[in-house]
Amino acid sequence: MPRTPTAPNPPADPTAGMYVLHLRIERPGPPVRIGRLGAFEFPRTDYLYVGSALNSLWPRVQRHLYQEGKRHWHVDHLQDVAQPLRAWIAVTTQSRECEVAAALAALPGATRWPPRFGASDCRCPGHLLRLDASPNSIRIAGLLGDLGLNPASFLPGPGPNR
Ligand SMILES: [Zn+2]
């Protein structure tokens with residue numbers, strides 16, 4: 001009699017990489033508490049957030065796109081006010097997010113704000129960019145490409161559990 005194969009535990013997703021999340025705040029709300037940084041009134045506009053994952057890159061990005069899971073990172077505190085519109089992800093084993101945040105901060109109309117947002121584990125001025133207009137997705141992908149990354153872009157479609 002054939003033995004029923006037991007399903008192994010799925011291996012941890014080893015994919016490391018970085019991502020850029022495009023968020024939009026449609027209407028200003030009450031101040032949002034961002035961990036120890038304090039509480040901020042986020043103006044109604046578009047934002048880019050740069051993050052990284054040492055592993056499980058895709059589950060991490062999916063979590064952001066579908067706003068699932070516990071609040072752990074600074075960006076999770078924006079779940080109630082911000083709508084995720086797009087994510088660019090790039091597989092890399094190098095730590096590139098501070099460099100990418102700096103490159104995005106140099107775009108016209110981009111301001112790092114609030115200071116030190118998402119930068120608890122590094123020394124840079126912050127990983128959230130407030131924009132004065134909707135970002136040009138081709139330009140963002142081009143900027144990542146210029147940094148030697150090979151980004152793929154994802155939109156939040158109907159979620160896996162919806
Ligand atoms: Zn940084």
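Two strands are said to pair when DSSP finds at least two bridges between them. Helices (H or I, at least four residues) and strands (E, at least two) are DSSP runs, numbered from the N terminus. With that in hand, let us walk through the fold.

This is a predicted model, in which local features need pLDDT of at least 70 and side-chain atom pairs count only at pLDDT 80 or more, while totals for chains, interfaces and linings use all residues. Residues are numbered from 1 along each chain as its sequence is written. The predictor's confidence in each residue, pLDDT, runs from 0 to 100; the chain averages 89, and 90% of the residues score at least 70. Confidence is lowest in helix 1, at a mean of 89, and highest in strand 7, at 98.

Six strands form an open sheet in the order 6-7-4-1-5-8, with antiparallel pairing. Strand 6 (110-112) and strand 8 (152-154) are the edge strands, each pairing on one side only. From one strand to the next, the twist averages 25°.

| Antiparallel pair | Bridges | Opposite residues |
|---|---|---|
| Strand 1 and strand 4 | eight bridges | G17 and A53 |
| Strand 1 and strand 5 | nine bridges | H22 and R86 |
| Strand 5 and strand 8 | three bridges | W88 and S153 |

Strand 1 covers residues 17-25 and strand 4 covers residues 46-53. Angles run from 0 to 180 degrees between N-to-C directions, with axes as lines fitted to C-alpha atoms, for helices over the stretch in contact. Helix 2 (residues 97-105) touches strand 1, strand 4, strand 6 and strand 7 (128-131), and its direction makes about 165° with that of strand 4. Helix 3 (residues 137-146) touches strand 1, strand 5 (82-91) and strand 8, and makes about 30° with strand 5.

**Helices and their buried sides**

A residue counts as buried if 20 or more other C-beta atoms lie within 10 Å of its own, exposed if 12 or fewer, and partly exposed in between. In helix 2, the buried residues are E97, V100, A101, L104 and A105. They sit on the same side of helix 2 because they cover an arc of only 135° around the axis, the arc being that of the directions from the helix axis to the C-beta atoms. Strand 1, strand 4, strand 6, strand 7 and helix 3 are among the elements covering them. V100 has 25 other C-beta atoms within 10 Å, so V100 is buried. Beyond its neighbours within four places in sequence, V100 is in contact with M18, V20, V50, L144 and L147.

Helix 3 buries I140, L143 and L144, which lie on the same side because their arc is only 95° around the axis. These buried residues pack against strand 1, strand 5 and helix 2. On the other side of helix 3, I138, R139, G142, G145 and D146 are exposed. After helix 3 comes G148, with a positive phi near 85°.

**The core**

A nonpolar core is a set of buried Ala, Val, Leu, Ile, Met, Phe, Trp, Tyr and Cys residues joined through C-beta atoms within 7 Å. The largest one has 33 residues, with Y19, V20, L48, Y49, V50, W88 and L104 making the most contacts inside it. Strand 1, strand 4, helix 1 (57-65), strand 5, helix 2, strand 7 and helix 3 each supply at least two residues of this core. Leaving aside neighbours within four places in sequence, W88 is in contact with Y19, V20, I140, A141, L144, P151 and S153.

Notes:
Contact = placed C-beta atoms within 7 Å.
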